[in-house]
Amino acid sequence: SGGYLWGGGLLEFQREEIVNKSQANVSDATKSKKKFVRTWLLYIFKVLKQVHSDTGISNKAMNIMNSFINDVFDRLASEASKLSKIN
């Protein structure tokens, strides 16, 4: 087909470019990087092995510990923020 054939509101070569771009976006989406999430899992595991070297921890328990540490960190940061506003 010729590049300047009119069809459905777009020129043929414009339609091909749009199709190629949409296919490129699909391939880019599949190659997208995972969002970086900061976790404390490695540090929890290291401390556990220092304290009880023969004890393991399940994924569910590790996630609970991670949530606990994030909560404590948030509370500590908010309290530090309040104290810095006072002084």
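Is Trp40 buried, exposed or partly exposed? With a relative accessibility of 26%, Trp40 counts as partly exposed, because that value falls between the 20% cut-off for buried and the 50% cut-off for exposed. Keep in mind that this is a predicted model.

## The overall layout

Let's start with the whole chain. The protein has 3 helices and 2 strands, and if you read along the sequence you get the pattern β-β-α-α-α.

How many of the residues are tucked away? Of the 87 residues, 6% count as buried. The protein exposes about 7900 Å², and 60% of that comes from carbon and sulfur atoms. Now look at contacts between residues at least 6 apart in sequence: 20% of these join residues at least 24 apart.

## Where two helices cross

Next, find helix α2, which covers residues 41–51, and helix α3, which covers residues 59–86. Their axes come within 10 Å and cross at roughly 110 degrees. That makes α2 roughly perpendicular to α3, because angles from 65 to 115 degrees get that label.

Which residues meet here? From α2 come Leu41, Ile44 and Phe45, and from α3 come Met62, Met65, Asn66 and Ile69. Sorted by type, the residues of this contact are 6 nonpolar, 1 polar and no charged.

## Asn66, a buried residue

Asn66 sits in helix α3 and takes part in the contact with α2. Is Asn66 buried or exposed? Asn66 is buried, since its relative accessible area is 11% and buried means under 20%.

So who are its contacts? Leaving out residues up to four places away in sequence, Asn66 touches Thr39, Trp40, Leu41 and Ile44. Leu41 and Ile44 also turn up in the α2 side of the helix contact.

In one of them, Trp40 pairs with Tyr43 in a tilted arrangement, 6.0 Å centre to centre with 55 degrees between the planes.

Trp40 also pairs with Phe73, again tilted, at 6.3 Å centre to centre and 50 degrees between the planes. This pair links distant parts of the chain: Trp40 is in the loop between α1 (12–30) and α2, while Phe73 is in helix α3, 33 residues apart. Phe73 is partly exposed, with a relative accessible area of 48%.

Definitions and conventions: Residues numbered from 1 in each chain as written. Predicted model: local features only at pLDDT ≥ 70, side-chain atom pairs only at ≥ 80, totals over all residues. Heavy atoms only, no water. Helix = DSSP H or I, 4+ residues; strand = E, 2+ residues; numbered from the N terminus. Buried < 20%, exposed > 50% of the residue type's maximum accessible area, 1.4 Å probe, protein only. Contact = heavy atoms within 4.5 Å. Axes fitted to C-alpha atoms, helices over the stretch in contact; angles between N-to-C directions. Parallel < 35°, antiparallel > 145°, perpendicular 65-115°, else oblique. Nonpolar A, V, L, I, M, F, W, Y, C, P; charged D, E, K, R; others polar. Areas by Shrake-Rupley, 256 points an atom, 1.4 Å probe, with all protein chains shown as cover. Phe/Tyr/Trp six-rings, centres within 6.5 Å; stacked < 30°, edge-to-face > 60°.
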